[in-house]
Amino acid sequence: MSTDSKTNAGLFERAQKVIPGGVNSPVRAFRAVGGTPRFIAKAHGAYMVDAEGQRYIDYIGSWGPMILGHGHPAVLEAVQKAAAEGFSFGAPTEREIELAEEILSLVPSMDQVRLVSSGTEAAMSALRLARGATGRSRIVKFEGCYHGHADALLVKAGSGLATFGHPTSAGVPAEVVQHTMVLEYNNLAQIEEAFALHGSEIACVMIEPIAGNMNFVRASVPFMTKLRELCTKHGALLVFDEVMTGFRVALGSAQSLYARLIPGFVPDLSVFGKVIGGGMPLAAFGGRRAVMEQLAPLGPVYQAGTLSGNPVATACGLATLREIRKPGFYEALGAKTQTLVDGLLGAAREAGVPMVGDCEGGMFGFFFARSVDDGLPQNYPAVLATDKERFNAFFHAMLESGVYLAPALYEAGFVSAAHSAEDIAATVAAARKALAR
């Protein structure tokens, strides 16, 4: 007998008949944690409400974009006004210029920026631009960093530094990834050896400065310093994937954090998404003028998009950026996030459960350690060694208490300006109850 179609289970059953796996992005299927995904009916502020009317404190925030919370009045007004003027024109608009100017004013490493529709598209285009600008084919990425589902980036490590990667997805021919090297995050020896072997052939190194797809793992300052030195020495471009961290961890994004710690530090190319669209499909990539002018119509590197710079999406993104640059915004957001992480770790200590965590701005992560002596993971193998079973049990206990965390050990969490002190306290109380089990 069919399940009631108005329940989460009923909707999931119905979805699986017409959508592969019942979802339009794999992590939504709850495969990593088990159970039935929640189908969201509406959201407001710091909360989401599912098809059964259950309200959750939302720590996904559409996987990062909703830094102001859902339905912020200024953003809503901007989107409604833009929609009334037209959904899409396929021609330039003044608002595209305004958004580009706003982004560039906050990220001094970039002279120019190209707007696109998704993080995958931005990363793919930045990669092509890096190859076109350098005339080289080989690229370096790091295990545990996700840069979208472009073929050349869906790669696992080869058997050694003299070999290249292997596809991690069916449908990606081995020859497509033959020029992709996958190294261990925060491993200084590996990156030095890679450049010693292939330095003159490497077009770029692409990295998430704070990896959000192996939960929350920072690139160390010595590691980032060495990346910058090696790229400069060998003529490769350093590409910062800030789709997740951009305007989420700081007003100047993650690169501004490293610039404070490494004199003169700048990436060569930067990739943005999520926050710059405010929840609409919008992303961007940018860099120095000399590199960006290699793009069509000025240069030989082709890139195009019918919906790039969409007028409704740019209105949403522009309104969001204007709100987050108001004085005191990041101080307040960072304090909330730190209070949440401190509360979770405190609850774990009370329960005698080994847990480690970290945060920056409105982004956070935590891991169930195997031992009280374990520190924060520094790379993907260390993340894999954490306690997945305990995380899954914790996830479901929190969900039952009305707290919606990412349904996978490998995903970071997000706090918004809409989260109140009461929301944070309620979350910590739910965690204390869950951990006591």
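A salt bridge here is a side-chain nitrogen of Lys or Arg within 4 Å of a carboxyl oxygen of Asp or Glu. R228 sits in helix α6 (residues 221-234) and D268 in the loop between α7 (253-261) and β13 (269-272), so the pair ties together parts that are 40 residues apart in sequence. Helices (H or I, at least four residues) and strands (E, at least two) are DSSP runs, numbered from the N terminus.

Before going on, note that this is a predicted model, where local features need pLDDT of at least 70, side-chain atom pairs count only at pLDDT 80 or more, and totals for chains, interfaces and linings use all residues. Residues are numbered from 1 along each chain as its sequence is written, and side-chain values use heavy atoms, with hydrogens and water left out.

**More charged pairs**

Side chains of opposite charge can pair when their charged atoms come close. How many salt bridges does the count come to? It comes to 14. Here are three of the pairs:

| Pair | N to O distance |
|---|---|
| R138 and E201 | 2.3 Å |
| R432 and E350 | 3.0 Å |

R138 belongs to strand β5 (residues 138-142), while E201 is in the loop between α5 (188-198) and β9 (202-207), so this bridge ties together parts 63 residues apart in sequence. R432 in helix α13 (residues 421-436) and E350 in helix α10 (residues 329-351) link distant parts of the chain, 82 residues apart.

Are these side chains buried or exposed? Buried means under 20% relative accessible area, exposed over 50%, and partly exposed in between (1.4 Å probe, protein chains only). R228 is buried at 13%, and D268 is buried too, at 8%. E201 is partly exposed at 31%, as is R432 at 36%, whereas E350 is exposed at 57%. Elsewhere, K81, E85 and R95 are linked in a network of salt bridges.

**A charge without a partner**

Now look at E121 in helix α4 (residues 119-134). E121 is buried yet has no salt bridge, and the nearest side chain of opposite charge, R128, is 8.3 Å away. For charge, Lys and Arg count as positive and Asp and Glu as negative, with His and the chain ends not counted. Leaving aside neighbours within four places in sequence, E121 is in contact (heavy atoms within 4.5 Å) with V116, Q303, A304, G305 and S308.

**Enclosed spaces**

On a 1 Å grid over the protein atoms alone, a cavity is a set of points where a 1.4 Å probe fits but cannot get out, and lining residues have an atom within 4 Å of a point. Grid points are joined across faces, edges and corners, and a volume is the space filled by probe spheres set on the points.

The whole structure has 2 cavities of 30 Å³ or more. The largest cavity holds about 80 Å³. Its lining has 13 residues, with F366, A406, E411, A412 and G413 closest to the centre. Strand β16 (residues 363-368) gives the most to this lining of the largest cavity, with 3 residues.

The second largest cavity holds about 50 Å³. Of its 13 lining residues, D58, G61, M66, S416 and H419 lie nearest the centre.

Methods: On a 1 Å grid over the protein atoms alone, a cavity is a set of points where a 1.4 Å probe fits but cannot get out, and a pocket is an open set with protein on both sides within 12 Å along at least five of seven lines; lining residues have an atom within 4 Å of a point.
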